Amino acid sequence: MAGLVELSVQEGGIARIAIRNPPVNALGHSVRAGLIEAFDLAAADDEVRAIVLLAEGRTFPAGADIKEFGATARAPSLSDVCTRIEDCEKPVIAAIHGTALGGGLELALAAHYRIAAPDALVGLPEVTLGLLPGAGGTQRLPRLVGAAAALEMMLIGRPIDAAEASRLGLVERVADGRLRPAAFAYAQDLLASGAGPRRARDCTDGLRDPQGFQAAVAEHRARHLHSPAPAPMKIIECVEVAQLLPFDGGLAFEASAFEDCLQSEQSQALRHLFFAERRAAQVPETATAEGQGNERVAIAGGGELAASLAVACLDGGLSVILAAPSEAGLTETRDHVQQIYMQLMAQLRLPAAKQAERMARLSGGIGLSALMQADYVIAPLPHDARAARTALIPVANALPAETPLGIIAPGQAIGPLVVGCDTPGQIVGLRVAGDPHLQRLFEVVVGPASSAATVASTFKLLKHLGRVAVRQSGGRRSLADRVSAACLHAADFMLVEGATPYQVDAALVDYGFALGPYRRVDREGLEYAGTGAGVLGEALIALGWPGEATGRGYYSYDPKGGAAHEDEDTLLVLEELRREHEITPRAFTAAEIVQRCTAAMANAGAQMIEAGSALRPSDIDVAMVHGAGFPRWRGGPMMAADQAGLLKVQNTLTALTDEDPDFWSPSPLFAELIKNGQHFADLN
């Protein structure tokens, strides 16, 4: 069993089978083989009367080994293991602690009885990877808890706690005290009562209301009818089959559906992003420096942004010091923090007790002295470069040299800002779109002087806060904004040639974007696009168009009826540009719009990889999904280019080069990868 699965027989004839595969006891091939061997040995041992299945370390298995997905299958499969456990003639009790997710919960479902620690979480989140439970979960769970609860768990993918699992009938007991002694006591109780195996395959508790079962299936089918990924509908079909077919037939149906999902482009993209989010934290600086711990964070300055940053840190369990320039500023910022928490409480997203506990960790002071007790300092700076430097230098020079300082300076390159600071190595930039307490993505801007220790400490802090952090260097804008600017620029070319903003937005929303580029401009102005305002945007700005400052866009929506109309300035400029370039307007299909915009985004990403602005293509994908609304199930622009074929994308760019060689010329990285038979994924 190679030490990954341990079998021992305890007093009273109770066998203990323990999984030991840290950190999360993933159910890789060696663990699966070890479980088969352990159950065979326990079943053949006449001294063994019952079996307790548990895991060492911090959690019951938290899922299958995702790295094996897409690789050649190696026996035994997890489904084989579950069948072996369920077929055991001796009662099997699964003792669940930590997070039993995916294959881990399927393992527990195959056991005859389940006992959970009070703080355990269980769930089947495979849908978030474009997959479905493939080891009997879609067949066993509905038999235990019914279609409604099973579909909620599998289609939402959110884990439930032990109390809810007990209420549903998913676990038979919740331990009162320590789990392991409680699990062995449960086994002894079962033996004393003469209870034998209770197999989920034979359970009919969840099938007792056939009409209710079908109603739940119909409701979820209607809800997910237009889902872009196949997994939700496949899950619904599998649950329906649990009522209609014998168990073995249901397993076969599930296996086929799982394979269909596994081979889908959507699942490949979602799995790519799963790894990309974790890979983003692997940066050169964390390989050479550990970074210091962060228990107390100070926010230098006041206002709504400072308050949002404070909430993000308080939610992460840290103590926060507000260092405001005046008593009034301190009171105002503290009030903003209170308002955010009051809104969350009103939305029932935060219990009052948790709000009080978090506010108790908030303190404040006036001036720079309030920063001295912090392990990490965050300083929001003005947009104007001169004002930003004026605000930064006294803060940076007042701090101990070993205290990391993260600055939020929209539109500013970090190198020029830190000139005049005594220890520029302690400074990194932070870019976040929107309110920090609501955003998952932070971009860490590494300046020319930023030390490895500062960068490592920043990534450690953001991980502690549950954020996805992406490294970038140089540039006045975020990675997401620079790629978004390329999309807008490509779209503007099509507007000049005859497309309308509505057609562009509709095509990209149908592709999966949360917002089209022009509606985003309407909401945010051109600031997000940086200097790449696009052909149309640059012409409008040259005419004195106030969109940069006011957020007024190319067109606008009626807030009551939702109807859109083009701005008069936009129409005039379009007509002038068409006359200037002797263009006869033509129609564009949705496919053409998507093809041009995604090619432009991939090209911008490739250029940033070449320039060293981004470490790897997958970082750009993460930034675009979390920072610009790129559809998650498409994996990001670099993954989308891989799936479309790099030669096809390069040909699209080459064909458009005459329009604007500076913009459309393919990055040389395309030719290099194509020549070597590689994809962007090979650079990750």
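**Surface and cavities**

Guide: Leucine 244 is exposed, with a relative accessible area of 55%. Exposed means over 50%, buried under 20% and partly exposed in between (1.4 Å probe, protein chains only). This is a predicted model, where local features need pLDDT of at least 70 and side-chain atom pairs count only at pLDDT 80 or more, while totals for chains, interfaces and linings use all residues. Residues are numbered from 1 along each chain as its sequence is written, and side-chain values use heavy atoms, without hydrogens and water.

Visitor: Where does leucine 244 lie?
Guide: Leucine 244 belongs to helix H9 (residues 231–244). Helices are DSSP runs of H or I with at least four residues, strands are E runs of at least two, and both are numbered from the N terminus.

Visitor: How many cavities of 30 Å³ or more are there?
Guide: A cavity is a set of points on a 1 Å grid over the protein atoms alone where a 1.4 Å probe fits but cannot get out; lining residues have an atom within 4 Å of a point. Points are joined across faces, edges and corners, and a volume is the space filled by probe spheres set on them. Here the count is two.

Visitor: Which residues line the largest cavity?
Guide: Its lining includes Leu309, Ala312, Cys313 and Phe442. Helix H13 (residues 304–315) contributes the most, three residues.

Visitor: And what supplies the largest share of the second largest cavity's lining?
Guide: That is S15, with three residues.

Note on methods: On a 1 Å grid over the protein atoms alone, a cavity is a set of points where a 1.4 Å probe fits but cannot get out, and a pocket is an open set with protein on both sides within 12 Å along at least five of seven lines; lining residues have an atom within 4 Å of a point.
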